[in-house]
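Please keep both in view while reading.

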Amino acid sequence: MSRLDRILTAIENTLAALALGGASLLACLQVILRYLFNYTIFWSEEATIYLLILSTFIGAVITLRHNEHVNVDVLSSLFKERGRRALAVLSALITVIYCAIFGTYAWIMITEPVALRILTPALRLPLWLVELSLPVGLTLMFLRSLEMLYRSARGRDTFPEDDDSEYGEEAAE
Amino acid sequence: MSPTLVLFVVFFLLLLSTAPISVALGLTAFLYFFYYTTLPLTQTTDTLFNSLNTFTLMAIPFFVFAANIMTHGGISRRLTEAANAAVGRFPGGLALTAVISCMFFAAISGSSPATVVAVGTLLIPAMIEAGYGRMFSTGIVATSGSLGILIPPSIPLIVYGIATETSIGDLFIAGFGPGLLAGFLLIGLVLFTAWRRGLRGQEIPLTRAQRIKAFRDAFLGLLLPIFVLGGIYGGVFTPTEAAAMAVLYSLIVSLFVYREMTLKDLARVTVASARMSAMIMFIIANAILFSFVLTSERIPDQITNLFINLDLSWFTFLLVVNAFLLLVGCFMETSSAILILAPIFLPVATRLGVNPIHFGIIMVMNLEIGMVTPPFGLNLFVASGISKLSVVRVAKASAPSALVLLAALLVVTYVPDISLFLVEGGA
């Protein structure tokens, strides 16, 4: 479990960061080429968008893992230990349901004939390929939310800050 | 029960369950598709994906990334030092430095919590050490940080521009006047507090040479807003490209000029930025799905009709909207509130002759105040993390400065020229 966890974490971090970094480079390159050489990379906008969408849906898995998704925390301040735990279980359960539903329909979406047939306008990539980030992200989120549910039901800390806590400076502050 | 009512009750219950906002928005929208429409359910995931399929929206990850690089690459520290060199010797000098640093940093980052982190980690401990009191020090930074979403570039203004199809360049320019007004009022508050409590400035004033050096060091950071905003308004690049160039610019300055960032730091900052921006973008995607539902329920039309029947003047309308938005700002996250509410209120506003750009500034200022009011003020959480005060006490500490922002809001609401004097064809 912890081994799988480490591998998944490494993949998620790398993918989200590479996509963000790549998109930044591409967008800058486009501006520079346009101004210096009057040259337009016709697929750069599309590629930037798809890279950042990838970064978003994979990054959302990492934020879920660290329980950083923003929520309205009014009720839990009113409750004591037990009530808080129940609330944590409830919110984890709702997240599991969300990921299960959206994950399922995301997989259905990319296997529909439209997604298999249509190519994106500039990159000429099949639609299912660029849309793949959504079902993959949601599936990983589903796994993470199950883990969260398990942890909260067992009354464990839902903020696992372990081996990759060094990455967490920003959002953890 | 009408579908609308069911929707809002479900949404509210999901929010109360402490589920993530994004999940609450998305799940409510799904239930609507499931019970009230015959649309294929893959339409939900399709909308979720395509809600992000806009180049303009991509300015957000870039601005988040740029702000993180500036915080870790020494740019924000130098900006703070320059601010200190300018105002540090006056009474309450460090608090003045905090307000002005927030204004500087707001002008290069688009986010309000990022501003609190950048300025707060440096100045809150320094202020406490100088005897300014933990409460006052934390409160002033939490509030000044909220200027981050008013002084351009600003993520909420980008979101408003997308939701209402208004020019983001114009919105940015319109944010300046109100941002400066709010900033100066906060400076006034600091001076007043310093006078009443006898807060000191620097013990030994900096020499002229030291001050010149501080400004020269911060020069590259101070140049960035001119580069970014000048570029957008001069038509050199789009807001998204400007944000990407801000990443490149701050990267070059941090890696090669200041040399305060190693490639290893960069890898960490990139992961942290991807996480932060994913959090915002995932909420936005779900909020767009939710607002799609509201539009198909024709809720904006219903609200417009309601207001037309009430026959309000623009004066009372803006008062009502302000009160409502302040309330909403206390409970909702900024971007989703804009995506859901802007399309609902803007049609009424334009009918009553309110300029759409001006209305955007009013909305963002309201939600900005919401960032420092409980229970959902993001700045309160961030500031409490830095100063180790409880969120409730940070909220109490921020109350006076939040009132100052409220005063600024009233002035900005009823004097449109403060926002529009720089906008072409406005005023």
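## Extent of the interface

The model is predicted. The size of an interface is often given as the accessible area lost when the parts come together. Between chain B and chain A, about 5,800 Å² is buried, and carbon and sulfur atoms account for 75% of that area. The residues in contact number 59 on chain B and 61 on chain A.

## Polar links across the interface

One salt bridge is found across the interface of chain B and chain A. Its partners are the side chains of Arg34(A) and Glu241(B), with an N to O distance of 2.9 Å. Counting residues at pLDDT 80 or more on both sides, six residue pairs are in polar contact between chain B and chain A.

## The chain B side

The side of chain B that touches chain A draws two or more residues from each of several helices: α1 (3–16), α2 (21–36), α3 (42–50), α4 (59–72), α7 (112–129), α12 (239–257) and α13 (263–296). Of these, α13(B) provides the largest share, 15 residues. By residue class, this side of chain B consists of 39 nonpolar, 16 polar and four charged residues.

## Packing of α15 and α16 in chain B

Within chain B, helix α15 (residues 314–331) and helix α16 (residues 334–351) have axes that come within 12 Å and cross at roughly 170 degrees. Because angles over 145 degrees count as roughly antiparallel, α15(B) is roughly antiparallel to α16(B).

Which residues form the contact of α15(B) with α16(B)? From α15(B) come Phe317(B), Val321(B), Phe324(B), Leu325(B) and Val328(B), and these meet Ala337(B), Leu341(B), Phe345(B), Val348(B) and Ala349(B) of α16(B). The contact comprises ten nonpolar residues, with no polar and no charged ones.

## Backbone details in chain B

Most residues other than glycine have a negative phi, and most peptide bonds are trans. Two places in chain B are to be read against that background. The peptide bond joining Pro152(B) and Pro153(B) is cis, with omega of about -10 degrees. Pro153(B) belongs to the loop between α8 (134–145) and α9 (155–164) of chain B.

Thr18(B), although not a glycine, has a positive phi of about 65 degrees. This residue, Thr18(B), is located in the loop between α1 and α2 of chain B. Both of those helices are also among the elements that give two or more residues to the side of chain B that touches chain A.

Note on methods: Residues are numbered from 1 along each chain as its sequence is written. Chains are lettered from A and ligands numbered from 1 in the order in which they are written. This is a predicted model: local features need pLDDT of at least 70, side-chain atom pairs count only at pLDDT 80 or more; totals for chains, interfaces and linings use all residues. Side-chain values use heavy atoms; hydrogens and water are left out. Contact means heavy atoms within 4.5 Å. Buried area is the accessible area (1.4 Å probe) that two parts lose on being put together, summed over both. A salt bridge is a side-chain nitrogen of Lys or Arg within 4 Å of a carboxyl oxygen of Asp or Glu. A polar contact is a pair of N or O atoms within 3.5 Å; within protein, one must be able to donate a hydrogen and the other to accept it, and residues adjacent in sequence count only if both atoms are side-chain atoms. Helices (H or I, at least four residues) and strands (E, at least two) are DSSP runs, numbered from the N terminus. Ala, Val, Leu, Ile, Met, Phe, Trp, Tyr, Cys and Pro count as nonpolar, Asp, Glu, Lys and Arg as charged, and the others, Gly among them, as polar. Axes are lines fitted to C-alpha atoms, for helices over the stretch in contact, and angles run from 0 to 180 degrees between N-to-C directions. Angles under 35 degrees count as roughly parallel, over 145 as roughly antiparallel, 65 to 115 as roughly perpendicular and the rest as oblique.
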